Amino acid sequence: MENDRPISQGQLEELIDSEFLAKFPYSFLEKFLLLPLKSEDGIVQVAVSLPLLLDKGELELFFHAAISFLPARSEDILFLLEKYYYHPTSSQKILQELDSTSDSIVDEISEDSDDLLEFANQAPIIRFVNQIIYRAVSMRASDIHLQTLENDFKVRYRIDGVLHDIFLLPKKYQAAIISRVKIISDLDIAEKRIPQDGRTSIKADSRQIDIRVSIIPTFFGESAVLRLLDKGTFILDMAKLGLLDADYSCFDHIIKADHGIILLTGPTGSGKTTTLYTALSVLNNPKVNIITLEDPVEYQLPSINQIQINPRAGLTFAAGFRSILRHDPDIIMVGEIRDLETAEMAIQASLTGHLVFSTLHTNDAASAFTRLLDMGIEPFLIASSVNAIIAQRLIRLICPECGAPADYSASLLQEISIACDQNSSATMRMGKGCSHCLQTGYYGRTGIFEILLSDDTTRELVMKRSSSLDIRKHALKKGMKTLRMDGARKVCAGLTSVAEILRVTQEI
């Protein structure tokens with residue numbers, strides 16, 4: 001090397017050809033810290049960090065060309081390998097590679113597990129599955145759906161809570177792609193009759209991505225869902241939850257109680273786990289002992305004892321609850337109250353001086369009281385233990401790139417109870433759709449909340465086994481903002497659209 005001074009990361013990036021890079025095994029490049037760059041005049045430029053430890057002659061045999069070394073830092077080589085190795089310029093080129101694969105193997109893979117393993121480990125299949133995952137990460141997807149249809153195999157991404165069709169592949173690749181997913185998540189590729197759950201992790205752009213894999217047998221073959229958990233984007237910041245004004249102060253106040261139960265309600269994917277983790281991070285300090293029971297543990301929180309539920313081994317929410325009460329906790333978080341036994345233990349823990357956080361699947365805050373009554377909990381126990389119930393949903397935010405002033409009709413605004421006046425409509429916005437937001441007009445999400453605080457009248461209504469409608473009417477008189485009312489405030493603030501609030505909320 002004429003100059004031993006390492007080339008900057010930016011200069012290296014200008015020389016990368018991702019299609020040329022992908023021709024070589026990633027494990028080999030990573031092991032020897034090699035970054036093949038553009039080929040000029042038949043000479044392959046290779047960025048290296050330790051040239052004296054490499055045999056140039058052997059590498060020229062490996063690359064089938066003369067090579068020249070360029071000095072680079074090892075951290076730059078690893079970063080650029082992670083960034084570009086799985087990012088070919090066109091997915092169609094990988095599909096062409098798949099089509100050029102031996103037809104005999106493709107035709108036989110549906111039955112023979114040895115052939116399945118062989119085909120699933122071929123370079124085009126590996127590259128295509130990697131492309132599916134890395135493209136999902138780059139597009140901010142939370143889930144990847146690999147859906148088997150009668151004649152096709154569909155790849156879909158859930159982005160900001162909404163599914164988008166990405167690829168439609170020939171059915172013949174379904175078995176190999178599903179098998180490749182099983183291989184990377186350490187599942188049995190020969191088992192196709194029962195559901196399987198696994199997990200794996202990858203690095204993408206220097207971020208650690210945990211992937212939870214669920215595979216189920218369907219009528220037309222196996223389908224899979226990959227849940228992507230990006231630790232780098234998981235921010236535990238109360239200011240970013242979406243709580244406005246009085247709701248922020250109220251939430252901050254109720255989570256600092258010394259005992260009682262705080263319940264979060266909402267459907268799957270409504271952000272309950274993020275809100276719970278944020279509350280625990282606010283309360284986390286050396287003076288308190290916090291223990292959680294979760295299924296599964298999605299993110300590791302520092303200095304907090306987190307327990308993974310394992311029903312097959314007998315570790316259920318109820319069994320785990322009995323054990324953690326002997327570990328002198330101050331604050332307990334139970335991932336979900338699913339049965340009477342868990343509910344009773346949570347209530348007893350709250351009555352003996354513990355602060356308990358948990359979740360229920362109900363449509364609104366008031367319904368949580370009637371749900372607990374339906375489980376068989378005595379009304380006086382509910383009335384004396386529940387401090388607050390928080391219902392929440394996630395709404396999409398207007399794209400910052402294509403957002404523009406919106407001109408909503410008075411009738412549309414009335415659907416979410418916004419009075420049509422000059423002040424309320426001045427800041428309303430709507431996304432037109434651009435490449436930044438995949439033509440949806442939305443980018444990112446925030447929460448809308450409904451916070452119901454227990455007071456003496458609420459407790460009396462619970463003791464009388466009153467309906468959720470009566471409890472809701474009282475809470476509204478006391479100033480509670482419903483999900484739709486909180487959404488209307490965010491529409492007026494220009495954060496989201498009327499259509500989005502109508503999509504995620506309903507009038508009761």
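A salt bridge here is a side-chain nitrogen of Lys or Arg within 4 Å of a carboxyl oxygen of Asp or Glu. R156 and D165 meet that criterion through their side chains, at 3.0 Å from N to O. The model is predicted, so local features need pLDDT of at least 70 and side-chain atom pairs count only at pLDDT 80 or more, while totals for chains, interfaces and linings use all residues. Residues are numbered from 1 along each chain as its sequence is written, and side-chain values use heavy atoms, with hydrogens and water left out.

Start with the whole protein. Its secondary structure comes to 22 helices and 18 strands. These are DSSP runs numbered from the N terminus: helices are H or I with at least four residues, strands are E with at least two. The accessible surface is about 24200 Å², and carbon and sulfur atoms hold 50% of that area. Areas come from the Shrake-Rupley method with a 1.4 Å probe; for residues, only the protein chains shown count as cover. Of the 508 residues, 50% are buried. Buried means under 20% relative accessible area, exposed means over 50%, and partly exposed lies in between (1.4 Å probe, protein chains only).

Now the contacts, defined as heavy atoms within 4.5 Å. Take the contacts between residues at least 6 apart in sequence: 63% of them join residues at least 24 apart.

Next, the interior. In soluble globular proteins, nonpolar side chains tend to be buried together. A nonpolar core is a set of buried Ala, Val, Leu, Ile, Met, Phe, Trp, Tyr and Cys residues joined through side-chain atoms within 4.5 Å. The largest such core has 53 residues. F321, F369, I382, L452 and V491 have the most contacts inside it. Setting aside residues up to four places away in sequence, F369 touches I382, V386, I389, L452, S454, T458, V462 and I471. A second, separate core has 33 residues, including I209, V213, I215 and A224.

Aromatic rings come next. A pair of rings is described by the distance of the centres and the angle of the planes. Rings of Phe, Tyr and Trp (its six-membered ring) pair if their centres lie within 6.5 Å; planes under 30 degrees apart are stacked, over 60 edge-to-face, and the rest tilted. The structure holds three aromatic pairs. One of them, F128 with F167, is tilted, at 5.3 Å centre to centre and 55° between the planes. F128 lies in helix α9 (residues 123-138) and F167 in strand β6 (residues 162-170), so the pair ties together parts that are 39 residues apart in sequence. F128 is buried at 0% relative accessible area, and F167 is buried at 8%. Y277 and Y299 form an edge-to-face pair, 6.4 Å centre to centre with 85° between the planes. Y277 sits in helix α12 (residues 272-283) and Y299 in the loop between β11 and β12, 22 residues apart. Both tyrosines, Y277 and Y299, are buried.

Back to charge. Side chains of opposite charge can pair when their charged atoms come close. The structure holds 20 salt bridges. In the R156 and D165 bridge, R156 is partly exposed at 21% relative accessibility. R212 and E298 also form a bridge, at 3.6 Å from N to O. This pair links distant parts of the chain, 86 residues apart: R212 is in strand β8 (residues 207-218), and E298 is in the loop between β11 (290-294) and β12 (305-308). R212 is partly exposed at 22%, whereas E298 is buried at 14%. R338 and E336 pair at 3.2 Å. There, R338 is partly exposed at 43%, and E336 is buried at 19%. D247, D486, R489 and K490 are linked in a network of salt bridges.

T446 lies in strand β18 (residues 442-453) and is buried at 10% relative accessibility. A polar atom of the T446 side chain lies 3.5 Å from the backbone oxygen of L241.

Finish at L351, in helix α14 (residues 340-351). L351 is partly exposed at 40%. The C-alpha atoms of L351 and L381 are 8.7 Å apart, across 30 residues of chain.

Definitions and conventions. Polar contact = N/O pair within 3.5 Å; in protein donor to acceptor, adjacent residues only side chain to side chain.
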